[in-house]
Amino acid sequence: MTISTLMTTKNTLSSAPMAPLLDRLFSEASTATGFDFSQIPESDTTRMMHSKTEYLDLYGLLKDMWLPVSRDTGKLLYMLTRSSKATSVVEFGTSFGLSTLHLAAALRDNGGGRLITSEFEPAKVAKAREHLQEGGVADLVEVRAGDALQTLAVNLPETIDLLVLDGAKALYDDILQLLESRFRPGTLIVADDASYNQVYLDHVRSPANGYLSVAFGDDVEVSVRLG
């Protein structure tokens, strides 16, 4: 294959139906309105963000908000999935499915695989499934409805190649602990807004725990399982 051929080769992420779908969804997300946080004290919001018992209340308030990854983070997810040749991906926090679409596009271009993603808000589950169908990648994705501490505790692949954490930040360390036994050397973990969970960051940033970790931009932590 020549260099010119490589440069013009299309991939799922940059061709129809995925590319126009992502453009539309990012546009919708940028103009969507959601919960007015001025209705509750900032201290209450901060407490719920860090609470392991009030996260369902918080995300119930946010049920109409998109909470999408950025375009750059979406591209990062695609690149990491492709470059690692991942075929087994788990995602905590589907929302309307923007990150899920990037991951599934990479699985398609890797030749196939399985993506398990979890979302507890029923309306978001329904919309995410619609978007995955429209993007032509629904056959690669299982959207599990409910609390991820239950949905991701059963019927998982023996080995996880890539884990994406983008749900309730207070649960990042719990989800990591839940799935850690299925990691292999080279498993990648991408955590969005990980600064809200210092316990999680301390764990993946400690070489003694078997990880190498680095902050990507202002809001994403990328870690690799070393052993």
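## Ground rules

Residues are numbered from 1 along each chain as its sequence is written, and side-chain values use heavy atoms, with hydrogens and water left out. As this is a predicted model, local features need pLDDT of at least 70 and side-chain atom pairs count only at pLDDT 80 or more, while totals for chains, interfaces and linings use all residues.

## Arg-144, tucked into a strand

Let's start with Arg-144, which sits in strand β3, residues 141-145. Strands here are DSSP runs of E with at least two residues, and helices are runs of H or I with at least four, both numbered from the N terminus. Arg-144 has a relative accessibility of 9%, so it counts as buried (under 20% relative accessible area; exposed is over 50% and partly exposed in between, using a 1.4 Å probe and protein chains only).

What does the side chain of Arg-144 have 2.7 Å from one of its polar atoms? That would be the backbone oxygen of Val-154. Skipping neighbours within four places in sequence, Arg-144 also has contacts (heavy atoms within 4.5 Å) with a list of residues that includes Arg-114, Glu-119, Thr-151 and Leu-156.

## Salt bridges between strands

Side chains of opposite charge can pair when their charged atoms come close. The model has twelve salt bridges, each one a side-chain nitrogen of Lys or Arg within 4 Å of a carboxyl oxygen of Asp or Glu.

One of them joins Arg-114 and Glu-142, with the closest N and O atoms 2.8 Å apart. Arg-114 is in strand β2 (residues 114-119) and Glu-142 in strand β3, so this pair ties together parts 28 residues apart in sequence. Both ends are partly exposed: Arg-114 has a relative accessible area of 35% and Glu-142 one of 29%.

Another pairs Asp-161 with Arg-184, with 3.0 Å between the closest N and O atoms. Asp-161 belongs to strand β4 (residues 160-165) and Arg-184 to strand β5 (residues 183-192), which puts the partners 23 residues apart and links distant parts of the chain. Asp-161 is buried at 10%, whereas Arg-184 is partly exposed at 26%.

Arg-205 lies in the loop between α10 (198-204) and β6 (211-216) and Glu-221 in strand β7 (residues 220-225), so parts 16 residues apart in sequence are tied together. Arg-205 is partly exposed at 44% relative accessibility, but Glu-221 is buried at 3%.

Terms used. Polar contact = N/O pair within 3.5 Å; in protein donor to acceptor, adjacent residues only side chain to side chain.
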